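Here are a few worked exercises for getting to know a new structure. Keep the model open beside you and try each task before reading its solution.

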There are 2 protein chains.
Amino acid sequence: MIKIVILGAGNVASHMFKAFHASKTVSVVQWYNRNLKTIDKHKNKVDVTDDLSALIDADVYILAISDDAIESLSEQLPFENKLVVHTSGSSSLYAVDKKQNRGVFYPLQTFSKSANIDFKDVPICIESLKKEDLPILKQLAEAIGSKFHKVNSDQRQALHLAAVFVNNFTNQLYRVAHEITESQGAEFDILKPLIKETANKIETLSPYLAQTGPALRNDKKTIKRHLKQLENKHHKAIYNLLTESIKKTYGR
Amino acid sequence: MIKIVILGAGNVASHMFKAFHASKTVSVVQWYNRNLKTIDKHKNKVDVTDDLSALIDADVYILAISDDAIESLSEQLPFENKLVVHTSGSSSLYAVDKKQNRGVFYPLQTFSKSANIDFKDVPICIESLKKEDLPILKQLAEAIGSKFHKVNSDQRQALHLAAVFVNNFTNQLYRVAHEITESQGAEFDILKPLIKETANKIETLSPYLAQTGPALRNDKKTIKRHLKQLENKHHKAIYNLLTESIKKTYGR
């Protein structure tokens, strides 16, 4: 049984607690949060604490806390030479204090408080300063059914940045589409099968090969009509920039 | 049995032929294309022709041809007062020649030549000048398992424009993400579960409520780090514009 302590109580921490608590090969021996109220309701399932000096012995300490808090919290840990990992996509491996064995356990997925997460759909990017710490991180990923990927810091940070494009920015395009359809009283829901197919298509085709549409064809007539339809300046700017980007990609 | 003639031989025409040919309530009585070679291989299943004057009698004529060809082809049809529909998202209902009963049968989906299409995932936007022509268009949609949506021209054109955002532009964001990950030797595939979840999330949440990430939080530190990571000017411009767009949406 691998013993872990979870520190933090945000979305990632809460989903991880749930998943590890349900696992058969990992035991969450303690849950720390600076505000005990947030995690107090779990005290029948796990030892909860808001006192760093009361942290108990474990194989791995998971800092599922905000990027800015990693350095100071890891500095305050009352022990040395333990495997301490953060869960951030963008923070350096070295954000963890140097008196610990440093590592990263970054789940690359979007977490909402309400929605249930199946960790089999959550790739975990793992990294450790000491090579001998990798196997236990792999075991942690496997314990919750996740695929793991050994990446270095540059790769992890590239993935984190790329995730902003495919998640936050894509979602904003959905939002713009919602505004466009609503402005004419059309149902946004009619677009949902297309949204799904766009995501599914790249399972078998690279994004490069999956592209279609007026920008790819450099169909000036349609592009001009679309720009005329767009009343919102902001939407127009997005249309222009992404049309140019597609034309550039395909040398149009 | 509803009798239809399909005109054209592109992706939409080919997928529609296949779907209608398999249906039990619609009979494709003829397939026209100006170049007979493209459709000749189907002549054991359907009467094929490249001669407009040889078009036979049917209940509906489906012009699954490029936008620019709708006017001239419909003008050349050797009959009058028949239900003639085009399949374009952006062309006017009035692109069909006025001596016919005009209509639209617009499948809102991305079609590739190779990929199989299940029409239950293809919403059909229908429109007709004469109200009495709507029921037969509904029956056509139902015959291939599609949901139909009665929309007016403004709504259809808004959907077509919105489709460019959720399909072509989203796919271009996938492409940029691919370039970013590749530049660091990270696997693009690690992003695929996130891409799917981003699309799935809006089944239950509006795009407005589904948003997360540094732009939403106005997390200046992360935004600054991301911009520093982006070496490609073009990617930087997209990052800036969509970050601004998100901030604007949420009043940040």
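**Exercise 1. Find which residues are exposed and which are buried on α10(B), and describe how they are arranged around the helix.**

A residue is called buried if 20 or more other C-beta atoms lie within 10 Å of its own, exposed if 12 or fewer, and partly exposed in between, with C-beta atoms placed from the backbone. Before going further, note that this is a predicted model, in which local features need pLDDT of at least 70 and side-chain atom pairs count only at pLDDT 80 or more, while totals for chains, interfaces and linings use all residues. Residues are numbered from 1 along each chain as its sequence is written, and chains are lettered from A and ligands numbered from 1 in the order in which they are written.

Next, pick out the buried residues: B:H235, B:I238, B:Y239, B:L242, B:T243 and B:I246. Seen down the axis of α10(B), these fall within an arc of 125 degrees, so they line one face of the helix; the arc is that of the directions from the helix axis to the C-beta atoms.

Finally, look past the helix: B:G251 follows α10(B) and has a positive phi, near 60 degrees.

**Exercise 2. Describe the side of chain B that touches chain A.**

First, the count: 74 residues of chain B are in contact with 74 residues of chain A. Then the elements: α5, α6 (192–201), α7 (207–210), α8 (214–217), α9 (220–229) and α10 (233–249) of chain B each give two or more residues to this side. Among these, α5(B) gives the most, with 26 residues. Helices here are DSSP runs (H or I, at least four residues), as are strands (E, at least two), numbered from the N terminus.

**Exercise 3. Is A:V176 buried or exposed, and what does A:V176 touch?**

Locate A:V176 in helix α5 (residues 153–183) of chain A. Because A:V176 has 24 C-beta neighbours inside 10 Å, it counts as buried. Leaving out residues up to four places away in sequence, A:V176 touches A:H235, A:I238 and B:F165.

**Exercise 4. Trace the open sheet of chain B.**

Write down the order of the 8 strands: β3-β2-β1-β4-β5-β6-β7-β8, with mixed pairing. Two strands pair if DSSP finds at least two bridges between them. At the edges are β3 (47–49) and β8 (148–150) of chain B, each pairing on one side only.

Now compare two pairings. β1(B) and β2(B) are parallel, over 6 bridges, and B:I4 has B:V28 in β2(B) as its bridge partner. Strands β6 (residues 101–107) and β7 (residues 124–128) of chain B run antiparallel, joined by 5 bridges; here B:F105 is partnered by B:I126 in β7(B).

Last, check the cover: β2(B) is mostly covered, with 5 of its 7 residues buried.

Notes:
Contact = placed C-beta atoms within 7 Å.
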